[in-house]
Amino acid sequence: MDIKDYMKDLGIRARKASRAMAKANTAAKNQALSLIAAAIRREAATLRAANELDLAAARANGMDAAMLDRLTLSDQAIATMADGLEQIVSLSDPIGEISNMKFRPSGIQVGQMRVPLGVIGIIYEARPNVTVDAAGLCIKSGNATILRGGSEAIHCNQALAKLVKQGLAGAGLPSDAVQVVETTDRAAVGELITMPEYVDVIVPRGGKGLIERLMRESKVPMIKHLDGICHVYIDDKADPKKALDIAFNAKCHRYGTCNTMETLLVARGIAPQILPELATLYASKQVELRCDPAAQQILAGYPHLASATEEDWRTEYLAAILAVKVVAGMDEAIEHINHYSSQHTESIITEDYTRAMRFLREVDSASVMVNASTRFADGFEYGLGAEIGISNDKLHARGPVGLEGLTSLKYVVFGNGQVRA
């Protein structure tokens with residue numbers, strides 16, 4: 001097939017579908033989502049079989065453990081996809097909402113109406129659940145979408161796309177509102193990101209190499225994050241039990257996610273007490289600790305210990321590796337985070353309210369937490385139903401991007417015959 005012509009055809013169809021989706025009523029959008037959720041549950045065996053084809057090919061190609069974990073569609077993952085769609089159904093439809101209405105001296109009334117972005121191109125790797133999360137959020141927010149999943153998930157993505165199109169058609173909505181790119185040719189990505197006449201925004205979800213490429217080549221605005229270098233700071237006024245639970249969960253719950261802790265900062269006053277206990281927990285998972293000299297001294301004898309380099313503070317490991325640093329206190333912790341963080345997610349463990357509020361104000365990241373694991377930085381956990389991605393940009397959308405992140409505002413004016421003098 002001619003990739004340029006193929007992608008142009010997808011774009012033309014998506015643009016046409018976006019106009020129908022923009023005026024679709026809430027009942028039709030919710031019906032489509034409910035039909036898709038029911039189909040996912042009904043066709044779970046078919047989805048698992050398609051996923052097994054993808055997994056077999058991935059293993060044969062030597063895919064690493066973290067990527068295999070992202071690719072795997074377990075029974076729980078299938079149920080979570082359906083649950084996410086049903087949660088989106090329960091959310092308020094933002095489209096058409098009018099807010100900030102004010103009367104002006106001229107007598108006109110000015111406000112803002114929430115509207116869809118239009119056509120959203122989504123590029124992602126490995127995770128088949130993104131196909132459903134993205135489709136669901138785009139449908140509810142009145143957008144059309146072109147989905148370009150990784151070649152490693154092609155069988156599963158095509159199976160999911162079939163169910164999505166059936167749900168749209170069943171609700172009387174255009175099936176072209178959600179299109180999955182059927183070719184694995186990398187040239188399709190190059191075309192998708194250079195079609196501003198058909199695509200309004202690109203959302204990349206993938207590895208650093210992919211996103212760096214898109215940042216260089218895209219002619220379409222993007223909602224993105226490049227790295228997930230997340231920090232947990234254990235303050236010297238932390239509850240030790242909370243500190244142990246959170247610092248262990250933030251690293252070991254899952255290694256291959258962007259909201260996993262990659263650097264642990266510990267206040268000097270509590271480090272001798274807390275670090276040995278944490279090291280015991282990490283040893284049970286064979287986590288390698290890359291430590292600064294102060295942490296090394298405290299953890300002498302730990303079986304998986306190495307000296308931290310400058311590069312370790314800048315690294316998203318996505319593996320059983322953790323950088324550890326002992327800091328003098330709050331000032332040094334905030335300075336370290338704001339210098340090395342990718343502005344994704346940071347957490348402080350403390351019982352001091354004043355310090356907690358200062359951390360929230362001064363740490364410049366998309367999600368900032370108090371006494372909670374960084375693993376909560378997720379659209380589903382934030383009550384967004386699902387997320388299309390996480391943004392550490394500062395314009396338009398920041399943090400987990402749900403329904404509102406896929407909309408824009410336009411000004412609306414109500415008058416009664418006024419003319420400008």
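The largest cavity has a volume of about 40 Å³, where a cavity is, on a 1 Å grid over the protein atoms alone, a set of points where a 1.4 Å probe fits but cannot get out, and a volume is the space filled by probe spheres set on the points, with grid points joined across faces, edges and corners. Please keep in mind that this is a predicted model, in which local features need pLDDT of at least 70 and side-chain atom pairs count only at pLDDT 80 or more, while totals for chains, interfaces and linings use all residues. Residues are numbered from 1 along each chain as its sequence is written, and side-chain values use heavy atoms, with hydrogens and water left out.

The lining of the largest cavity includes Arg148, Gly150, Asn157 and Thr184, lining residues being those with an atom within 4 Å of a point.

Which residues touch the most other members of the largest nonpolar core? They are Met7, Ile40, Ile122, Val199 and Ile388, in a core of 72 residues; such a core is a set of buried Ala, Val, Leu, Ile, Met, Phe, Trp, Tyr and Cys residues joined through side-chain atoms within 4.5 Å, and buried means under 20% relative accessible area, with a 1.4 Å probe and protein chains only. Apart from this core lies another, of 40 residues, among them Tyr233, Ala250, Ile270 and Val326.

Finally, there is an open sheet of three strands in the order β1-β2-β16, with antiparallel pairing, where two strands pair if DSSP finds at least two bridges between them. The edge strands, each pairing on one side only, are β1 (98-103) and β16 (407-414). Strand β2, residues 109-116, is joined to β16 by eight bridges, and valine 110 has valine 413 as its bridge partner in β16.

Conventions: Buried means under 20% relative accessible area, exposed over 50%, partly exposed in between (1.4 Å probe, protein chains only). Helices (H or I, at least four residues) and strands (E, at least two) are DSSP runs, numbered from the N terminus. On a 1 Å grid over the protein atoms alone, a cavity is a set of points where a 1.4 Å probe fits but cannot get out, and a pocket is an open set with protein on both sides within 12 Å along at least five of seven lines; lining residues have an atom within 4 Å of a point.
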